[in-house]
Amino acid sequence: MNLTQKILKAHLVSGELAPGNKIGIRIDQTLMQDATGTMAFLQFEAMGMSRVQTECSVAYVDHNMSQFGPENHNDHLYLQSISAKTGVHFSRAGNGICHQVHLERFGNPGGTLLGSDSHTTTDGGLGMLSIGVGGLDVALAMGGEPFVMDCPKVIGVRLTGELKPWVAAKDVIFKVLETLTTKGNVGCILEYFGPGVESLSVPERSTITNMGAEVGVTTSIFPSDERTLAYMTAQGREEAWTPLAADPDAEYDRLLEIDLGALEPLTAAPSSPDNIQTVRESEGIEVHQVLVGSCTNSSFRDLMIVADVLKGRTIHPQVQMGITPGSRQVFEMIASAGALQTFIASGCRILESACGPCIGQGMSPGDERVSVRTFNRNFDGRSGTRNDLVYLASPETAVACALTGKLTDPRRLPELFGIEYPDFTWPAKFHVDDSMIIPPAESADDVEVIRGATIGEPPINTPMPEQINGKVLIKVGDKITTDHVMPAGPFLKHRSNIPKYSEFVFTIFNAGPGPTFAERASDWRDEGGHGVIVGGESYGQGSSREHAALCPMYLGVKAKIVKSIERIHLANLVNAGIAPLLFMDDADYDAIDEGDRLRIDDLPGQMRAGETVVVRNETKDREFTVRHGLTEEETRIVLMGGRLNAVKEARGNA
């Protein structure tokens with residue numbers, strides 16, 4: 001067996017381990033963050049659940065940090081109090097980014113982790129099966145429900161050799177993205193193995209598994225070996241270590257080979273993580289901003305490499321550079337090592353341990369100014385600047401750009417500045433201080449949940465109507481991300497208030513003096529109509545934000561008709577009670593325009609009868625056939641108006 005199959009087998013509670021089957025697995029741990037956690041907890045309460053049933057659940061505050069107005073602090077107070085009451089550990093604001101902290105303090109080899117954030121995959125670097133999902137699926141897992149998923153195909157990635165100086169783990173995942181792209185990998189897991197694995201530390205492995213989310217796979221995983229033991233020992237958690245690896249004769253559904261020694265510095269050019277180029281090809285482009293951090297590249301190792309290069313030097317005068325330590329642990333360790341002083345002396349701006357610029361929360365670049373970031377996503381507008389020019393890169397490449405003011409291959413630093421590759425040595429012990437992780441109350445009776453005025457209720461959908469009286473509210477193209485649907489940045493503080501947040505659906509496409517998407521949708525809903533969204537390939541890329549389903553649902557959207565759809569967004573649509581329909585012929589997509597009236601007769605009956613559904617475009621006087629591909633249970637949930645309704649019914653009948 002391969003490693004993925006071993007962990008799935010150990011946690012299997014229903015179904016058969018064969019690709020294409022639906023399986024249910026036991027979830028050991030869950031995580032959530034403040035941008036998704038408030039809704040997950042509200043749904044947990046709405047389902048009548050009171051105490052978590054997992055081995056360990058953690059709520060983090062790392063997204064909505066800037067408290068302009070009461071919304072963010074209200075969320076934090078609610079999260080801290082509901083965590084105490086329901087048995088969840090609470091990581092306070094300032095303790096760090098959820099994925100970095102969970103890797104440091106909670107992740108275990110061989111365990112299963114479900115998180116309401118797509119980059120939950122980070123803990124795959126420890127040998128943990130870590131999957132990002134929507135908040136409702138996390139709420140169900142917290143209540144002891146198994147997680148139902150497609151039994152995955154496993155893509156083996158065999159690593160050989162060792163990385164050369166100035167080439168980083170980030171370049172490994174860039175190579176994978178260059179090969180597999182961001183679409184077409186739904187239902188797969190990336191499993192890394194081979195002699196090259198032992199040369200990579202856990203934080204380096206976690207950089208690779210973190211950005212597996214951009215490949216569109218369910219998750220990514222490395223074996224647990226002596227390097228894993230060394231990391232967990234340094235964290236004082238060696239008792240949680242166990243060795244794990246695929247069998248020597250394990251088989252994979254597909255095999256990739258990467259010679260680490262043959263890689264060179266790479267970058268993801270604007271505006272997709274799979275727009276891969278060598279840094280050599282992009283050299284000379286002027287850079288005005290450099291940011292090092294995010295859950296991908298903010299480890300102690302990453303920041304120490306950057307500090308060593310900057311020591312005694314000043315960043316280029318046209319460059320603004322920001323440094324984000326991934327956790328309080330990293331922050332304190334770089335301070336003790338003198339790196340913090342180096343950053344300040346070199347002209348860097350020090351940001352708090354949070355997601356920050358990665359989700360458009362500050363440090364947005366200027367118009368037509370290039371920003372080089374060690375982040376995981378460069379979707380158009382994600383930085384907070386429309387039509388931004390964001391390049392993704394390793395810390396090594398980023399610091400080279402900061403010194404030169406241009407896109408620069410870091411292998412030129414010895415020639416340009418006389419800088420040799422830093423000789424980094426891992427400490428035997430990390431600084432461990434869990435005082436900002438608050439354990440839950442022993443008795444729920446002792447806790448009063450704090451609900452500020454901006455804490456709303458989870459929206460409840462109505463059952464699917466017999467006839468869809470639809471209008472195409474918007475038609476979009478390929479690779480539409482959840483950032484396109486529901487922007488982060490300054491809008492993120494409204495996550496707990498669905499009516500307010502819904503005003504910003506598809507904001508990036510709102511242009512001119514006409515009505516916004518939200519206004520068009522709500523007007524049509526109020527007239528008794530049903531909204532339809534039309535899209536192209538790989539719809540719903542990116543984050544796990546279930547608000548990309550909840551907010552359109554609140555605005556009256558009943559169906560999304562697209563060419564293909566990504567895993568997490570598909571699950572969120574089912575949970576929200578929106579019918580996910582797929583074009584069977586590209587010509588049908590081409591024949592639809594925004595504003596077209598679509599009628600679907602007896603949608604419930606058609607979905608129950610089989611995979612295909614007939615849609616009539618009344619505006620164009622033509623019919624076409626789509627398919628849904630849902631299981632019988634998923635169909636039932638959609639037709640009931642979503643999983644909250646289904647769970648309430650089941651608990652009412654229990």
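Which way do α11 and α12 cross, left-handed or right-handed? Keep that in mind as you look around; what you have open is a predicted model.

**Stop 1: two packed helices**

Select residues 300–310 for helix α11 and residues 328–336 for helix α12. Their crossing is right-handed. Two numbers are handy here, since a pair of packed helices is described by the angle between the axes and the distance between them. For α11 and α12, the angle is about 35 degrees and the axes lie 10 Å apart. Now show side chains: α11 brings Phe300, Leu303 and Met304 to the contact, and α12 brings Val330, Met333 and Ile334.

**Stop 2**

Step back to the loop between β15 (289–292) and α11, and pick Asn297. Is Asn297 buried or exposed? It is buried, with a relative accessible area of 2%. Its side chain makes a polar contact of 2.9 Å with the side chain of Lys170. Leaving out residues up to four places away in sequence, Asn297 also touches Thr207, Val292, Asp302, Thr374, Ala393 and Pro395.

Stay in this loop between β15 and α11 and click on Ser294. Its relative accessibility is 2%, so Ser294 counts as buried. Check its backbone too: phi is near 80 degrees, a positive value in a residue other than glycine. Most residues other than glycine have a negative phi.

**Stop 3: Asn376 and its neighbours**

You'll find Asn376 in the loop between β18 (370–373) and β19 (389–392). Asn376 counts as buried because its relative accessibility is 0%, and the cut-off for buried is under 20%. Which side chains make polar contacts with the side chain of Asn376? One is Asn210, at 3.2 Å, and another is Thr296, at 2.9 Å.

**Stop 4: two backbone spots**

Go to the loop between β13 (266–268) and β14 (276–278), where Ser271 sits. The peptide bond from Pro270 to Ser271 is cis, with omega near -5 degrees. Most peptide bonds are trans.

Then jump to Thr181, in the loop between α6 (169–180) and β10 (188–193). Phi of Thr181 is near 65 degrees, which is positive in a residue other than glycine. Thr181 counts as partly exposed, at 28% relative accessibility.

**Stop 5: the nonpolar cores**

Colour Phe41, Phe506 and Phe517: they have the most contacts inside the largest nonpolar core, which has 81 residues. Centre the view on Phe506. Setting aside neighbours within four places in sequence, Phe506 is in contact with Ile474, Val476, Ile480, His484, Val485, Phe517, Ile533 and Tyr539. Apart from this core lies another, of 43 residues; to find it, select Tyr231, Ala269, Val287 and Val292, which are among its members.

**Stop 6: helix α1**

Finish with residues 3–11, helix α1. Which residues of α1 are buried? They are Leu3, Thr4, Ile7, Leu8 and His11. Look down the axis of α1: these buried residues fall within an arc of 130 degrees, so they line one face of the helix. An α-helix has 3.6 residues a turn, so residues three or four places apart point the same way.

Key:
Residues numbered from 1 in each chain as written. Predicted model: local features only at pLDDT ≥ 70, side-chain atom pairs only at ≥ 80, totals over all residues. Heavy atoms only, no water. Core = buried A, V, L, I, M, F, W, Y, C linked by side-chain atoms within 4.5 Å. Buried < 20%, exposed > 50% of the residue type's maximum accessible area, 1.4 Å probe, protein only. Contact = heavy atoms within 4.5 Å. Helix = DSSP H or I, 4+ residues; strand = E, 2+ residues; numbered from the N terminus. Arc of directions from axis to C-beta. Axes fitted to C-alpha atoms, helices over the stretch in contact; angles between N-to-C directions. Left-handed = near helix turned anticlockwise from the far one by under 90°. Polar contact = N/O pair within 3.5 Å; in protein donor to acceptor, adjacent residues only side chain to side chain.
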